[in-house]
Amino acid sequence: MPGEPITRRGRASRERIVERAAELFAERGIAATSVDEVIAAAGAGKGQFYHYFRSRDELAAAAVGYRCAQVVAALTQSLGGVSSLAGLEQALEGFIAGFEQAGLPGCPIGTLATEVAGRNEDARLQAAAGFDAWEQLLASALERMCQRGELRADASPAVLATGLLASIEGGMVLSQARKDMASLRVAVEAGLARVRACLS
């Protein structure tokens, strides 16, 4: 139908704006990135921007959601099939290696969450949903360990997952500030120690 190509182009234009915004926000921060810079990077016009977004805050929420979805997709690949302590250790070691190779950039979800908390409720909710999904991936892996009998029956996958995620987050913040991977490695090991304490 004649209208279909226009619809596809329109949808692509919105996606392109969100993608470029997510990239710029990750590089510079949300506060330091203007709408004009996003529009220029996306090759869009102001009319297009305001057709899709009522405000800068609405764009920020969409970009945070997009970035969180990217992160969760990558985490799902590494954690989605984990069902043993060895698998969990391997997945977390891969995460640490990737963080180091990227130059200790800070947590892609946590950095955005810190910036939008208290300023943009919709964006905060997107970041919180990203953390929820990450935590659930960890909890599901720990639940599979319980089902296999590797963890004690009285172990709480949800509680262990929260502790492990908090360890990872805190470790990334310290390593970013100190420009030293040791903090993240110590923090992840501390989170894993709680898991090991619940082994059968």
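Trainee: What makes the contact between the side chains of E93 and R185 a salt bridge?

Mentor: A salt bridge is a side-chain nitrogen of Lys or Arg within 4 Å of a carboxyl oxygen of Asp or Glu, and the N to O distance between E93 and R185 is 3.2 Å, so the pair qualifies. This pair links distant parts of the chain, with E93 in helix α5 and R185 in helix α9, 92 residues apart, where a helix is a DSSP run of H or I of at least four residues, numbered from the N terminus. The model is a predicted one, in which local features need pLDDT of at least 70 and side-chain atom pairs count only at pLDDT 80 or more, while totals for chains, interfaces and linings use all residues. Residues are numbered from 1 along each chain as its sequence is written, and side-chain values use heavy atoms, with hydrogens and water left out.

Trainee: Why is E93 called partly exposed?

Mentor: Buried means under 20% relative accessible area, exposed over 50%, and partly exposed in between, with a 1.4 Å probe and protein chains only; E93 has 39% relative accessibility, so it counts as partly exposed. R185, at 33%, is partly exposed too.

Trainee: How do you know that E89 and R196 form a salt bridge?

Mentor: Their closest N and O atoms are 2.9 Å apart, which meets the distance criterion. E89 lies in helix α5 (residues 85–101) and R196 in helix α9 (residues 182–196), so this pair ties together parts that are 107 residues apart in sequence.

Trainee: What makes D154 exposed?

Mentor: The relative accessibility of D154 is 60%, so D154 falls in the exposed class.

Note on methods. Helix = DSSP H or I, 4+ residues; strand = E, 2+ residues; numbered from the N terminus.
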